[in-house]
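Hi,

Here's the structure I promised to pass on. Have a look, and my notes on what turned up are below.

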Amino acid sequence: EQELARQERETLAAETAQLNAQQNQARQARAATQTRTVLDFQDRIRTKIRNALVMPQSLRGDAEVEFQVSLLPNGEVLRVNLVKTSGQPLYDRAVERAIFKASPLPLPSEREAARQFREGLTLKFRPSEAVAGYP
């Protein structure tokens, strides 16, 4: 009886370890899928904003501007806050206008991935990323 009980414990432990490994793999797969979804929608958002961007004529250099964007659940832009200026007020304002103009921004249909965007979307732009051939 003791031997049978030991074998059952070992079998149960092995099955539990296998189940835990499968659950971990499933969690990792879901996380990887969500990460790919988030990256894809970040690109879609940046593209939509770049398409709405009207570049000022007198840009110098390639400084980066950073905005924090608050979104409604449907992707509508609620608020845009300048986090870091590019040092070129005309460019900063042009990007801010483009963010509002691009509203609503595309969001993933998967709730958890979409939540990441609504909780505070940080967007960074450089003039060289908006115009092909910009020095």
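**What I found**

Just after H3, Gly120 has a positive phi of about 135°.

**Around H3**

The buried residues of this helix are Ala113, Ala114 and Phe117. They span an arc of only 95° around the axis, so they sit on the same side of H3. What do they pack against? The buried residues of H3 pack against H1, E1 and E3.

The peptide bond joining Ser103 and Pro104 is cis, with omega at about 0°.

**The core**

The largest nonpolar core has 27 residues, and Ile49, Val69 and Ile99 have the most contacts inside it. Two or more residues of this core come from each of helix H1 (2-52), strand E1 (65-71), strand E2 (77-84), helix H2 (89-101), helix H3 (111-118) and strand E3 (121-125).

Neighbours within four places in sequence aside, Ile99 touches Ile49, Phe67, Val69, Val77, Val80 and Leu123.

**Overall layout**

The protein has 4 helices and 3 strands, and along the sequence they run α-β-β-α-α-β-α. The radius of gyration is 24 Å, well over the 14 Å that the globule rule gives for 135 residues, so the protein is more spread out than a compact globule. Its C-alpha atoms fill a box of roughly 85 × 30 × 20 Å along the principal axes.

Of the 135 residues, 30% count as buried. The protein exposes about 8,800 Å², with carbon and sulfur atoms supplying 51% of that area. Among contacts with a separation of 6 or more, 73% are between residues 24 or more positions apart.

Mean pLDDT is 87 for the protein, and 96% of its residues reach 70 or more. Where is confidence highest, and where is it lowest? H2 has the highest mean, at 95, while helix H4 (residues 127-130) has the lowest, at 73. Where pLDDT is low, the predicted coordinates should not be read in detail.

Cheers

Notes. Residues are numbered from 1 along each chain as its sequence is written. This is a predicted model: local features need pLDDT of at least 70, side-chain atom pairs count only at pLDDT 80 or more; totals for chains, interfaces and linings use all residues. Side-chain values use heavy atoms; hydrogens and water are left out. A nonpolar core is a set of buried Ala, Val, Leu, Ile, Met, Phe, Trp, Tyr and Cys residues joined through side-chain atoms within 4.5 Å. Buried means under 20% relative accessible area, exposed over 50%, partly exposed in between (1.4 Å probe, protein chains only). Contact means heavy atoms within 4.5 Å. pLDDT is the predictor's confidence in each residue, from 0 to 100. The radius of gyration is taken over C-alpha atoms; the globule rule is 2.2 Å times the number of residues to the power 0.38. Accessible areas come from the Shrake-Rupley method with a 1.4 Å probe; for residues, only the protein chains shown count as cover. The arc is that of the directions from the helix axis to the C-beta atoms.
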